[in-house]
Structure formats: C-alpha cells, structure tokens
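Thank you all for coming; I would like to take a few minutes to walk through some local features of one model. Please have the sequence and the structure open while I talk.

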Amino acid sequence: MTQHSAGTRGGFAVVAGSRPYPWPWDGRIDPTSLALLVIQAPGSAPRASGPIDTIGALADLVERTGGTVIEVITHPPFRRESRRASESGESSALTVVAAAAALVHSPGWNGFFDSTLDIELRRRGVTHLLLSGYWLEIGVHSTMRAGNDMGYECLLIEDAVAAADPELTPASLSSVEMSGGIFGAIATSAMVADAILIASSSHPLAVSTEKSRS
Amino acid sequence: MSNHTVTTYPAIDAEPYSWPYDGTIDPAHTALINIDWQVDFCAPGGYVDAMGYDLNLTRAGLEPTARVLAAAREVGMMVIHTREGHRPDLSDLPPNKKWRSARAGAEIGSLGPCGRILTRGEIGWEIVQEVAPIDGEYIIDKPGKGAFYATDLDLLLRNHGITHIILTGITTDVCVHTTMRDANDRGYECLLLTDCTGATDYGNYQAALKMVTMQGGVFGAIAPSESLLSSLGK
C-alpha cells in the first residue's frame, strides 16, 4: 500500500520499468500535476492505428485522474522562399481526445516555440509531462528537449509515438536515455497507467475505479 | 580582425540539398556557431569522462573544427561559441537535471578533477585550446541544451543581420541538435558539418545526422567540412 503523509499531493508511486531511471526523479507522481502532450504534425498522420489508440486510452486516464491533456500542433518553419512546398495553414488535429483541456499551435517543430504551451501548463500547476504523438524524431523530440531545458520532468511514452522514419526510432530513444536520461525517461503506456492508478488511489482528491495495490 | 572584401561564395554540395537553399554563402549574413567545445565534454577529467563515455568520440571533430574556425575568421563570418554551465550557486540548475547527473556519476556542481562539473568559472567549463575564442567573438553561456533558451543568442544574431548558421560542436544528438532545431524553427538556414561533431554513442551520432536530412531537410542540411572549405577557397 502506498503511503502518503498529510499535506503532500500524490502517492509515492514511480513508473516501474521506466528507463534509464524510475520516473519521476522526485519519486512521487501527482496526477493533478501531470500533463499528456499529444503532439501532431499537419498534413499526415501515422498509418498504424496502434499509437493513436494508445494515446486515446492514456488521455482518458490522465483526464479522469485530474491531469491535463493538451493537443500540440507543430508546423514546418516558415520560409520566405521555400525550399519545399509550404504547408497550408490548415491542419487537422488527431482529435483522439474528446475533451483536451487546450489545443496549442507552434509555428515550428518545438511545441513550446512561440506558443501558449508553457503558460497553459503553468496555469494548471503542471510540472511533469508525458510525451506522445508524431513524429517522434521531429516534433516530439524538439518539444521534449525544450520542456526539459525549462525544468519539466519528461517521460516519453514509447508505444504512444510514431516515427516518420522507423529506422530512426532506436537512436531517438537511445538519445533520451544516455547520460543518465539527458532529456528525461522512457516507458510504455501500460507502465505509466499502472503508476498513475496507484498514485491516484492515494491522492486525497482522487476518484479512482481501481483499488490500490499493496 | 581580418581585412576582407565583400565576397560571396558558391553553394556547397550538401545533403539533402545544395546549401544554402538561396544559392550563395554570404559571410556578412552567416554565423559559425561552435557548440560546447568544453573540457567537460571532450577532455579527461570532465563531465563526459566522469560518466564513463569514450572521449575519442566527442574529440573527433576538434581538428576539422579548428580548420573551419580559421576559415570563418578569414572570410569574416560572425563567430559564436557556446558553453553549457551553471551559476556557481546552482540557482539556474533544474533539480531534475542535478539529480540525474548525480545518478550518472557526474553531479553538476560537484568537485571533479577539472573543478566543479558544468559550473561557470571552473576549468572544466572552459573551451578547449584547439578552438578557443579570440577577441571580437561572442560567447553564449547557456543553462540548457539549446543555445537559444534563456540566452541572448537570437538578439545577437538579429542585430548582426544573420540569416544563415553553420554548426560544429558536441554532442551531435544533444546540444547541437537542440540548437539546430531551435535555429531552424526561427527561420535560420542551417548547415551541420558532419566531421566537426560527435556524440557519446556512435550510432546516435549517425542517426542524428540522418535525421537532419529527412523530409527534404527537416532541420537544414549536412556536409563534411571539406565541402565548405572548398567553397571558401581554403
């Protein structure tokens, strides 16, 4: 049974199996300080439905345990004389999340760049980020790197992301893990879901359908 | 300061397109950014060494970078050096960054053979002699991996009318990539010199280079330093 002392938020739950360290660094998941970022690129979507279904399920869980879900639409940066055809301004979000708390647009690949993402997170007291979406080595990585530089504690959900080039997936994951977890840590959605449920079952404001496990 | 006439140079054979996209290299609007060539990342006794990684990988790009640096100075490019490091009181060090570094055997701010790890003013934090800055060049001290975060880099670039950036430095997949991504987002036309960079893992270095070239050059282009030097007539 997880313990929590009066006055603290969240259970002393960590993501068992995350690598290269048990996430989060401070050993405590507070579901209400957690945000799931669903990062998207305009004009295309992953062919495989796996990551999308996984994102949907995780988003539901995060939302109902008091966390925040934010859809982040990234874009190829603008060029005056483009070396490739510029994308149209319109982009359709994945809309896997029935009720995301916010939808932000970035004019670049980094979801934090020139967007309202940071302020949306701050307003809600978010300190810990779950990264999902596409493309792994492009917008997801750029967003995770920026969030990490700002001090957010980041976790990449490896079965909730899709790579534009699957051959680059191993290195994209390895880069996160090197140097003790230079950008944060990596875990599967199942590992994360378990930890959130444990943490939320000992949260003073939690409404959980799962019994806590000892 | 070198005497130079206003000269532009031909585009170079780069991947996945001839760089720069607008056809000529103009030193007046081009900056060379040398990223984190610090003792902590490529010399014995520093941060990377303390974590047990092979320094040969991060040092590999030093000699070609020294040649590129000399050439950039001769043709009159803006030259910028970055250093990752924290205030001595560690007030700009996020607690999760500190914790992870401790777990990896190289706690930031702790005393090592080169002084306090990744701390401003310490020996490990200094740029190595081979590519040391000279008067008139700019140094960006950064608390994070990206050189734009919490620095005046973008202001300096704008004030100098810079539109194109050539990158060297370490590590390819961490600070160099983050900086290149951020520069590209801001509309800078970027070139990463493939033999002027390295990573703690060789496979990650190779993948980091490949990543740039995807989707028609998602972050810019890559080329060996020889291609650039040829164009500059060096």
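This is a predicted model: local features need pLDDT of at least 70, side-chain atom pairs count only at pLDDT 80 or more; totals for chains, interfaces and linings use all residues.

Let me begin with B:Leu118, which is buried, its relative accessible area being 0%. B:Leu118 sits in the loop between strand S6 (115-116) and strand S7 (138-142) of chain B, and, although it is not a glycine, its phi is positive, at about 50 degrees. Most residues other than glycine have a negative phi, and most peptide bonds are trans.

There is a second residue of this kind in chain A, namely A:Asp114, which is not a glycine and yet has a positive phi of about 50 degrees. A:Asp114 belongs to the loop between strand S3 (102-105) and helix H2 (117-123) of chain A. Is A:Asp114 buried or exposed? With a relative accessibility of 62%, A:Asp114 counts as exposed, whereas B:Leu118, as I said, is buried.

In one of them, the ring centres of A:Tyr21 and B:Trp99 are 5.1 Å apart and the planes stand at 70 degrees, so the pair is edge-to-face. This pair crosses between chains, running from A:Tyr21 in the segment before strand S1 (34-40) of chain A to B:Trp99 in helix H5 (residues 95-103) of chain B. A:Tyr21 counts as buried at 1% relative accessibility, while B:Trp99, at 28%, counts as partly exposed. Another edge-to-face pair is formed by A:Tyr134 and A:Trp135, with 4.9 Å from centre to centre and 75 degrees between the planes; here A:Tyr134 is buried at 2% relative accessibility, and A:Trp135 is buried at 12%. Ring pairs also link A:Tyr21, A:Trp25 and B:Trp99 into a cluster.

Now to helix H8 of chain B, which covers residues 202-213. At 1.5 Å a residue, its 12 residues should span 16 Å, and the C-alpha atoms at its ends are 18 Å apart, which agrees. At the start of H8(B), a side-chain oxygen of B:Asp201 comes to within 3.0 Å of the backbone nitrogen of B:Gly203, and after the helix comes B:Gln215, whose phi is positive, near 50 degrees. The buried residues of H8(B) include B:Tyr205, B:Leu209, B:Met211 and B:Val212. What do the buried residues of H8(B) pack against? Their partners are helix H3 (136-150) and helix H4 (169-181) of chain A, together with helix H7 (172-185), strand S9 (189-198) and strand S10 (221-223) of chain B.

Finally, a word on A:Thr68, which lies in strand S2 (residues 68-73) of chain A and, at 6% relative accessibility, counts as buried. Leaving aside residues up to four places away in sequence, A:Thr68 touches several others, among them A:Leu34, A:Leu36, A:Val62 and A:Arg124. A:Thr68 and A:Thr32, which are 36 residues apart in sequence, are 7.5 Å apart in space, C-alpha to C-alpha.

Notes. Residues are numbered from 1 along each chain as its sequence is written. Chains are lettered from A and ligands numbered from 1 in the order in which they are written. Side-chain values use heavy atoms; hydrogens and water are left out. Helices (H or I, at least four residues) and strands (E, at least two) are DSSP runs, numbered from the N terminus. Buried means under 20% relative accessible area, exposed over 50%, partly exposed in between (1.4 Å probe, protein chains only). Contact means heavy atoms within 4.5 Å. Rings of Phe, Tyr and Trp (its six-membered ring) pair if their centres lie within 6.5 Å; planes under 30 degrees apart count as stacked, over 60 as edge-to-face and the rest as tilted. The expected span of a helix is 1.5 Å times one less than its number of residues. A polar contact is a pair of N or O atoms within 3.5 Å; within protein, one must be able to donate a hydrogen and the other to accept it, and residues adjacent in sequence count only if both atoms are side-chain atoms.
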